[in-house]
Every structure is written in C-alpha cells, then in structure tokens.
Amino acid sequence: MPDYSIYVLDEADVFLTGGVGLDGVTQGDGSHLVGETLTINANNWRPIEISDTGDNNFEDNDGNQTLNGDQTIDGTLYSDGTVVEAEYSFVVEDPDGNQYTLVGFNVRDSSPPFATIEGLAFIGTFPPVGVPLTIQSAAEGPDFPAPDYAVPPCFVAGTLIETDRGDIPVEALQPGDQIHTQHDGYQTLRWVGSTRVPAKGHLAPIVFDAGSIGNRRVLRVSPQHRFVCANASVALMIGEDAVLVAAKHFVGMPGVRVAEGGVVDYFHLLFDDHQIIFAEGVATESFYPGDAGVNGFDAPVRAELLALFPELQQTYGQTALPVLKAYEACAVLNLNT
C-alpha cells in the first residue's frame, strides 16, 4: 500500500480576483478560474500524509486515497481515513512568463463531492509568493504520480560540505560555521534543520555514484534538491550561463538512481540569502524556504526559524540561479549525454 506526502497550501493563504473561490462550482473542472489572477499570500505549504490502497498517483475520483492520521487542512480537523483527491488542475503564469501547474486539493466530505476545495498542491516546483499569477487554463481529472508533486530540497546525512575548516559532514555543521559559496566567498551558516522520513516513493533519495556529476564520493540528496548545470547546452537552449536542475531529473543517466528502503535523514542548510555551496565537490544549492515555507516543520522548529528570519512569514527573495522546469531540464540533460 503506497503512503506518500503531498505538500498543500490552505485556501486561506490564496487571493483570487473576480470574486471567485477555489471551490469546484463548475462540475469540479476549475474552468471558472480561467482568466482570473491568483496570488499566494504566504509560503505556508505543509505535508499532508496520505495512504493509497490503489496506485501511486494522487488523482481525481479515487476513493482509495485517504488521510493517514487526523490532520488539519485550512483550519478544519479531519479524521484518519477521510477520502481526499486532486479535483482539478490549472496552469498559471507569472509576469516573467514562467508557468506553474497547480492542483485543487479536495477533502471529499461535501455534496456534491467537488463542492469544496480546501487548498492547493503543486506539480514540479512551487510558484513565487506575493506575485500575481494569471490563470491560463484548467482541466478536470488530474492524474499526477505522487513523485511529481513539489517537495522541499535537502541533503542526506553523511554528505560532506566544503567549509573554511575543510569538508565537514552536513550533520556536524552548526550555525556560525563558515561555508564556502560560489558567489559570495565564505558565508555564515544561520540555521541547520533535519527531518527523518521513510525512504520510499517521492521521498526516497536520489543517489549519484562517485564521478557521475563530478562528485568525489557517492552523493545522496532529496529528489527536489538542485545542482548547478553550466555548459554549452544550457547557453544554447536556455540562454543562461548557469541554471539549477533538480536531482530527480538526472535519474536514468549513468550512475544516477532512486534508492528506496528504510528511513533517511534529510538536512537543510539556511543562509541569509540563497547560496550555491559545494557538496562532495559539486556546486549545489542551500535550502530555499521559498520552496518549502515554514509550516512543513514542527512547531518548535517553525518558531526558531521565524525568530531568526521574520521575513519567512512572507517571502525569502530570489533563487541564486534560474531554476529549470522539468521539460527544460530533460532537454538540456538529453542534449548533454
């Protein structure tokens, strides 16, 4: 029986123009949203734990998808076993022309079942916070595999990070340590977070064998963790000198695979700004809370983060480099192999 997490943003953290809401008033197809503008007011997306006695897709019209334990969604506590589904999907575009796919998250406790949408989930990557997003299109019956839903990026325990004292295991780092960055010299590490999750499904780590992307040793990261890609293919196809590519897009290349089984300890490294640092000799990103927000953490951790970074209530700034979408990453990596 597949178990997985879907990161969801409560409807209360979304503003829509035109006096419309997320609720599925048009037979649950989302068409009432097309042409409106959506703004995400806070990066408070957090994991909703789901049990699925069917397949590994989080989709529409699937009574096998239930909450794994009592959970609060959009201010309401729902009991273990409540059926949830992906009611509709829609595509939004930011002012720079970047597009994102969002999914209406439905707790099936109304009549008709599509009458209420309690939040939003995200495919691939999280959109920016506080930016007007124009809704381009909508579709009924989303059927996305659970691994396609956006999750935060992080390092696996044991990963060596380059510091002013040499290479140090990520789990041994502490706030105040000086970390080598690509663009800003040595920067002070402000916060280290960790979490332990089952190493299965879309939470299973991506393993890079030694040398597969220039790494000196075996390197393990979460699927959404991003690496710097800078080569002629990037310049030719994207028009940038360097970009960030999520680890999951490398799967299938020589020496890169998913490693399921047991549990995995993931670590987050946070600076005053998003940085490019070096893990096992490879240029990669620090934790970017614009991806994950703070509500994905337990209450004590969340309180600590907000005390250190009050701005996380709203936004954290831009990524250090442009981030490639899935189709762009696949094109660049295929051209480069």
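Which backbone oxygen lies 2.9 Å from a polar atom of the side chain of His32?

1. Basis. This is a predicted model: local features need pLDDT of at least 70, side-chain atom pairs count only at pLDDT 80 or more, and totals for chains, interfaces and linings use all residues. Residues are numbered from 1 along each chain as its sequence is written, and side-chain values use heavy atoms, with hydrogens and water left out.

2. His32. The oxygen belongs to Gly21. A polar contact here is a pair of N or O atoms within 3.5 Å; within protein, one must be able to donate a hydrogen and the other to accept it, and residues adjacent in sequence count only if both atoms are side-chain atoms. His32 sits in the loop between β2 (14-16) and β3 (37-40). His32 counts as buried because its relative accessibility is 16% (buried: under 20% relative accessible area, exposed: over 50%, partly exposed in between; 1.4 Å probe, protein chains only).

3. Sheet. Nine strands form an open antiparallel sheet, in the order β2-β3-β12-β9-β10-β11-β1-β4-β6. β2 and β6 are the edges, each pairing on one side only. From one strand to the next, the twist averages 45 degrees (axes are lines fitted to C-alpha atoms; angles run from 0 to 180 degrees between N-to-C directions). Strands are DSSP E runs of at least two residues, numbered from the N terminus. Pairing needs at least two DSSP bridges.

4. Strand β4. In β4 (residues 46-52), 5 of 7 residues are buried. β4 runs antiparallel to β1 (residues 3-10), with 6 bridges, and to β6 (residues 65-67), with 3 bridges. Ser51 stands opposite Asp3 and also opposite Thr66 in β6.

5. Strands β9 and β12. β9 (residues 84-93) and β12 (residues 133-140) pair antiparallel over 6 bridges. Ser89 has Ala139 as its bridge partner in β12.

Terms used:
Helix = DSSP H or I, 4+ residues; strand = E, 2+ residues; numbered from the N terminus.
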